[in-house]
Amino acid sequence: MNRRTVLATALAAAVTLSAPAFAAKPLVIGFSQVGAESEWRTANTVSIKDAAKKEGVTLKFADAQQKQENQVKAIRSFIAQRVDVIAFSPVVESGWDTVLREAKRANIPVILTDRAVNVSDTSLFVSFLGSDFVEEGRRAGRWLVERQKKTPDAVLNIVELQGTVGSAPALDRKKGFEEVIAGNAKLKVIRSQTGDFTRAKGKEVMEAFLKAEGKKINVLYAHNDDMAIGAIQAIEEAGLKPGKDIIVISIDGVKGAFEAMIAGKLNVTVECNPLLGPQLMQIAKDVVAGKPVPKRVVTQEGVFPAEVAAKEFPNRKY
């Protein structure tokens, strides 16, 4: 075999070896998470990390610690690193136009998960995967309207623990709830304040509500389970019985809420499914492959009153 034949054979072998390696280049996703403010958020993060690992996706993960400026920095870092896809769960709805235009100019598609953004140009993101927060608020309101029918002559005074100021779930869960109870003169929201989606803040704000309104409070509507669980502690420390003296309604459907319902301390939780990882990976793959993806993907969810908590609890994955 002459020298030229040896070189040609070696080159062919190199090409053969490198082709699969090139084809197997992993998809790279830059993901900016809100933080770790609740059981729900923790389950959401685990779902995304596990799904990426299972699908062989390289995930560059950034925790924003509930600060928009941290998310903007993370997105700019992802752009600089030339990731294939940027995905994020925005801390708040507004203030994203500039950085998302930067991603678009870099030809990096953006997928929203869990929360929406309010932008002037909806082409700045390719898809939004998550719950219908307005409908979750409506479901909470409908449950209360049905509950109120048991005592039709009673006026029920409601206190509301809102989520993070300016966030999509806080705005929408408030909107949906108000929409349903608006025509019912027997249901009145007497206090409403942010608890920032955290257990500690939920307890702190509920303590303030109880000091201001005392036994006038009939219902607590919390925008998530963690705030409700914190508020339950405050109710008990005030010498009242949560679930009985004060009806407790919350949203998310985490295991802690089911435990509270089984204990008789929480009356109903409206599900918000955090297990978005597999769907996110599929949408990202489709986008990179040039396949059409829906602009809006809504997760399927239910409503769980205390009566079904014990039966349903073993089925909960978060």
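**Entry 1. Terms and model**

A salt bridge is taken here as a side-chain nitrogen of Lys or Arg within 4 Å of a carboxyl oxygen of Asp or Glu. I applied this to arginine 199 and glutamate 39, and I record that they form a salt bridge, with their closest N and O atoms 3.0 Å apart.

The model is predicted, and I note that local features need pLDDT of at least 70, side-chain atom pairs count only at pLDDT 80 or more, and totals for chains, interfaces and linings use all residues. Residues are numbered from 1 along each chain as its sequence is written, and side-chain values use heavy atoms, with hydrogens and water left out.

**Entry 2. The chain as a whole**

I looked up the secondary structure and found 11 helices and 12 strands in the protein chain. Helices (H or I, at least four residues) and strands (E, at least two) are DSSP runs, numbered from the N terminus. Along the principal axes, the C-alpha atoms fill a box of roughly 100 × 40 × 30 Å.

Of the 318 residues in the protein chain, 52% are buried; buried means under 20% relative accessible area, exposed over 50%, and partly exposed in between (1.4 Å probe, protein chains only). I then turned to contacts, meaning heavy atoms within 4.5 Å. Among contacts with a separation of 6 or more, 74% are between residues 24 or more positions apart.

**Entry 3. The two domains**

I noted domain 1 (28–130 + 274–300) and domain 2 (133–272); these bounds come from an automatic or database domain assignment. Their centres, taken over C-alpha atoms, are separated by 30 Å.

How many residues of each domain are in contact with the other? I find 13 residues of domain 1 against 22 residues of domain 2. The area buried between the domains is about 1200 Å², and carbon and sulfur atoms give 51% of this. Buried area is the accessible area (1.4 Å probe) that two parts lose on being put together, summed over both. Glu39, Trp40 and Glu93 supply 43% of the area that domain 1 buries against domain 2, more than any other three residues. The count of salt bridges between domain 1 and domain 2 is 1.

**Entry 4. Aromatic rings and charges**

Rings of Phe, Tyr and Trp (its six-membered ring) pair if their centres lie within 6.5 Å; planes under 30 degrees apart count as stacked, over 60 as edge-to-face and the rest as tilted. I record 4 aromatic pairs by this rule. Phenylalanine 177 and tyrosine 221 are stacked, because their ring centres lie 4.0 Å apart and their planes meet at 20°. The pair links distant parts of the chain: phenylalanine 177 is in helix α6 (residues 168–181) and tyrosine 221 in strand β8 (residues 219–222), 44 residues apart. Both phenylalanine 177 and tyrosine 221 are buried.

I also checked for charges over rings (NZ of Lys or CZ of Arg within 6 Å of the ring centre and within 35 degrees of the ring normal). The charged end of lysine 49 sits over the ring of phenylalanine 61, 4.4 Å from its centre. That of arginine 316 sits over the ring of phenylalanine 304, 4.9 Å from its centre.

In helix α2 (residues 39–55) I looked up threonine 45. Threonine 45 is buried at a relative accessible area of 11%. Leaving aside residues up to four places away in sequence, threonine 45 touches Gln33, Gly35 and Phe61.

Which residues of helix α4 (residues 97–105) are buried? I list Asp97, Val99, Leu100 and Ala103. Their cover includes α3 (68–80), β3 (85–88) and β4 (110–113). Aspartate 97 has a relative accessible area of 18% and is therefore buried. Beyond residues up to four places away in sequence, aspartate 97 touches Asn118, Val119, Ser120, Asp121 and Leu124. Just after α4, asparagine 107 takes a positive phi of about 60°.

**Entry 5. Two further buried residues**

Valine 83 lies in the loop between α3 and β3, and I find it buried at 4% relative accessibility. Setting aside residues up to four places away in sequence, valine 83 touches Val28, Gly30, Lys60, Phe78 and Ile108.

Isoleucine 181 is in helix α6 and counts as buried at 6% relative accessibility. With residues up to four places away in sequence not counted, isoleucine 181 touches Gly141, Val145, Ile158, Leu187 and Val189. Isoleucine 181 and leucine 144 are 37 residues apart in sequence and 8.3 Å apart in space, C-alpha to C-alpha.
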